[in-house]
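Subject: Structure handover

Hello,

Please find the structure below, followed by notes on what was found in it.

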Amino acid sequence: AKGDVGHIFLIGGCDGARLGRNYFHDLAMAAPDDSLILTLGCGKFRFNGEDLGAIGGIPRVLDMGQCNDAYSAIQVAVALAKALDCSVND
């Protein structure tokens, strides 16, 4: 429904394998419940197994692919900004 999504985040980084490198995992876990999370890159593997729920039947985590799919993720972000009548950074 209109207004259900309050934020959209694009997480495209990688935490790496070393202990303590969990910035992107922590970011995904701290994202407000009204946010969608678009992912690309291997950073998503740190929180793919987490149950972050859904908004209106749409999973909160939407996989955009790997790092080399960045152009597609940018196009989705631009289309969302246009549909929401705001800038990509808003």
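Does Tyr23 count as buried or exposed? Tyr23 counts as exposed, because its relative accessibility is 56% (exposed is over 50%, buried under 20%, partly exposed in between, with a 1.4 Å probe and protein chains only).

This is a predicted model, in which local features need pLDDT of at least 70 and side-chain atom pairs count only at pLDDT 80 or more, while totals for chains, interfaces and linings use all residues. Residues are numbered from 1 along each chain as its sequence is written, and side-chain values use heavy atoms, with hydrogens and water left out.

The average pLDDT (the predictor's confidence in each residue, from 0 to 100) is 86, and 99% of the residues score at least 70.

Aromatic rings: the count is 1 pair (Phe, Tyr and Trp rings, the last by its six-membered ring, with centres within 6.5 Å; planes under 30 degrees apart are stacked, over 60 edge-to-face, the rest tilted). Tyr23 and Phe24 are edge-to-face, because their ring planes stand at 85°, with the centres 5.0 Å apart.

Pocket: the largest pocket has a volume of about 510 Å³ (a pocket is an open set of points on a 1 Å grid over the protein atoms alone, where a 1.4 Å probe fits, with protein on both sides within 12 Å along at least five of seven lines; lining residues have an atom within 4 Å of a point; the volume is the space filled by probe spheres set on the points, which are joined across faces, edges and corners). Of its 18 lining residues, His7, Ile8, Leu84, Val88 and Asp90 are the closest to the centre.

Regards
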